[in-house]
Structures are given as structure tokens and as C-alpha cells.
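Trainee: Before I use the labels in this annotation, I would like to know what each one rests on.
Mentor: Then ask about them one at a time.

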Amino acid sequence: MKQKVAVLGAGSWGTALAMVLVQNGHDVKIWGHHLEQIEEINTKHTNKRYLPKILLPTELKAVPSIEECVSEADAVLFVVPTKAIRSVAKQFVTVCRNKPVIIHASKGLEQETHKRISDILAEEIPKEKRKDIVVLSGPSHAEEVAVGDVTTITAACTNLQSAEYVQMLFSNSYFRIYTNQDVIGVEMGAALKNIIALGSGALHGLGYGDNARAAIMTRGLAEISRLGVAMGANPLTFIGLSGVGDLAVTCSSIHSRNFRAGSLLGQGHNLEQVLDEMGMIVEGVYTTKAAYELAQERGIDMPITETIYNVLYNYATVDNAINDIMLRDYKSEQEFEEDVSND
């Protein structure tokens, strides 16, 4: 069934998802706030800053106005940085004339409030302006989706019918969507894995090998699960696509912005230099601060997150931070499992 879909955000992931939707036969408009980029998408059918060498479908229409983008849309997909979610949602509310399904594919926690993205959207978009809010997340690099590499991710919503609607919108022969009703777990996994990817990248930048990266991914997953369960997530979610799946791909690929940023930290660059070098939002940097503060508030033990926080914000050196974490008090690997079973 052909649907009208508005994509808010013309970065790499928004563009790749828009391509999937167009290839599935939907009527798709994509919004961005750079006029040069809008013109490039419409006339050259490229988005070279974010997806170099990719030719976009001619049916994809870019627009400079949110109002024009969301007009008559059956579904609205938010794919903007976490820090922009609230402001873009406010703009959406002022121009929305119908009641679409709201989908978001962003990964992070809001600074200061520490809120998940679906909570922000629920606060800013009144119920009369939306049908449901669905989270789209999982192990996926935009660069690979754009060329049709096999990808599987999750659509999460407490209302299973809305998750199945998003599954229908996106699924095809190379892009497969699984449904899930654990919104908290999917969002927490999506946000927190970026912190661990910074650490994995830092180990790579220091010259450590596979053993070290396997260690940080495994123990990082324990931290993600610990905080996620404390927030109300189902622990089983973290061994799924939006948990260990997303963690593995983000912690081990040159396509991962957070992994590359961490690698620069490991090579001795400070945070300001890293962000200048990247030239794009590195969500893990901001999520680290939010997650560290949230863990402190709730009394959750997150040593890797704390270590990365100290590197980013307290000027700790990466090599000293690694030494400190390796020499912490010795513990049982089953501690987390025991804590969960006693909840």
C-alpha cells in the first residue's frame, strides 16, 4: 500500500532510509535546512557530504519547508540529532494538519533532562497530532543501506499494530524489520552503545587488538543492560538487534562515527580537536554525559561509562583511564545477572 512519508533530516541516515521508502513505492519527501543540499538532491540526485558516490532515486523530492514536507503525510520520520529533536518537534506541531504515525531513527539521550527521544516527542507532540510513536533502531550503517546491503533492524512501539505498520513501510528483500514492544530497551540500547563505541575506538587508536575490543563490548553490554533494566527495559532486548547487534557493528566499523572519534581520542587528540576533525555530530560524546549523570542519580555502577566521561570531560588520558579500570576491585562476571534476578 503506497503511503506518503515525510523524512525530517537529510543527513546520511535520513537519506538512506528515504531511499528505502522510495524503492518500496512510497511517496517520499525529505526536509533539510541547507538550501544548497536541497537543490543538490533535486537536481543532481546526490547528497555528497553525507553519502558520496551514491546516486539517489529521482523520485525522492527534497523540500526546504517542514510544512511542505509533512503536508498530508501518513507517517513522519524524525532523523535529526538528539539535541534538535525537541525544536524540530515544536516546528512540526505548528504545521501539522493531520494525525500521522511518528517514527524516529535517532539515537541518544537529551542533555540535562536525560530523557529518551520518544519521551521528548510525546511531550512536544499532542496526542491529537499523532497516532503513535515508533522507534526504528538496530545495527545499520547508512553507507551500506544506501547500496542495498542486507540489513535487519527493529521497529518498537507499545502498540504492536503501529510497529507492524512501520515494518510494512520499510521491509523489502534487503531491509528487514522485526517488531518489538520494549520501547525503553530499544532506545536505551541505541543510545548507550555509542558510549562503548567511543571506548572501542580509543582502544583501536592506542593500538590494542581484538581481545581488548571484545572485552569492552562484552562488559559494555553489561553496563547498557544494567542501566536499561533500571529504567524499566526487558533484559532480553539487549541480546537482540538493538542491543548486542547494534553494539557490535558500532564498535567495530570505520563507518561508525563514534568509533572513529574514539580512535582519534586514543591517538592523543583532545575532545575539541576530535569534534573539529569529525565535522558532524558525534552522539556518543553527549550521551556519555547524560548517561553518567543518570547512573549517578540512580546509583548504577557503570565503570566504562565513567571512564569515558573522565576522558571527555575531566581531561583524563586514555591510557591512564584504561589502567585504572583494569585495576578496579575484582568481581564475578555473574554479578549483573544476580542483580537482575533479585529485582
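This is a predicted model: local features need pLDDT of at least 70, side-chain atom pairs count only at pLDDT 80 or more; totals for chains, interfaces and linings use all residues.

Mentor: Residues are numbered from 1 along each chain as its sequence is written, and side-chain values use heavy atoms, with hydrogens and water left out.

Trainee: What is the chain divided into, and where do the bounds come from?
Mentor: The chain is divided into domain 1 (4-181) and domain 2 (191-327). Such bounds come from an automatic or database domain assignment. The C-alpha centres of the two domains lie 25 Å apart.

Trainee: How many residues of domain 1 and domain 2 are in contact?
Mentor: Contact means heavy atoms within 4.5 Å. By that rule, 25 residues of domain 1 are in contact with 26 residues of domain 2.

Trainee: What area do domain 1 and domain 2 bury between them?
Mentor: About 2000 Å², 58% of it on carbon and sulfur atoms. Buried area is the accessible area (1.4 Å probe) that two parts lose on being put together, summed over both. K107, H114 and H141 supply 31% of the area that domain 1 buries against domain 2, more than any other three residues.

Trainee: Why is the pair of D246 and K107 called a salt bridge?
Mentor: The term requires a side-chain nitrogen of Lys or Arg within 4 Å of a carboxyl oxygen of Asp or Glu. In D246 and K107 the closest N and O atoms are 2.9 Å apart, so the pair qualifies. Across the interface of domain 1 and domain 2 the rule finds one salt bridge.

Trainee: Why is T237 called buried?
Mentor: Buried means under 20% relative accessible area, exposed over 50%, and partly exposed in between (1.4 Å probe, protein chains only). T237 has a relative accessible area of 7%, so T237 is buried. Leaving aside neighbours within four places in sequence, T237 is in contact with N180, D182, G185, V186, S242 and G243.

Trainee: What makes H26 count as buried?
Mentor: H26 has 7% relative accessibility and therefore counts as buried. Not counting residues up to four places away in sequence, H26 touches M1, K2, Q3, V5, L21 and L169. The C-alpha atoms of H26 and M1, 25 residues apart along the chain, are separated by 8.1 Å.
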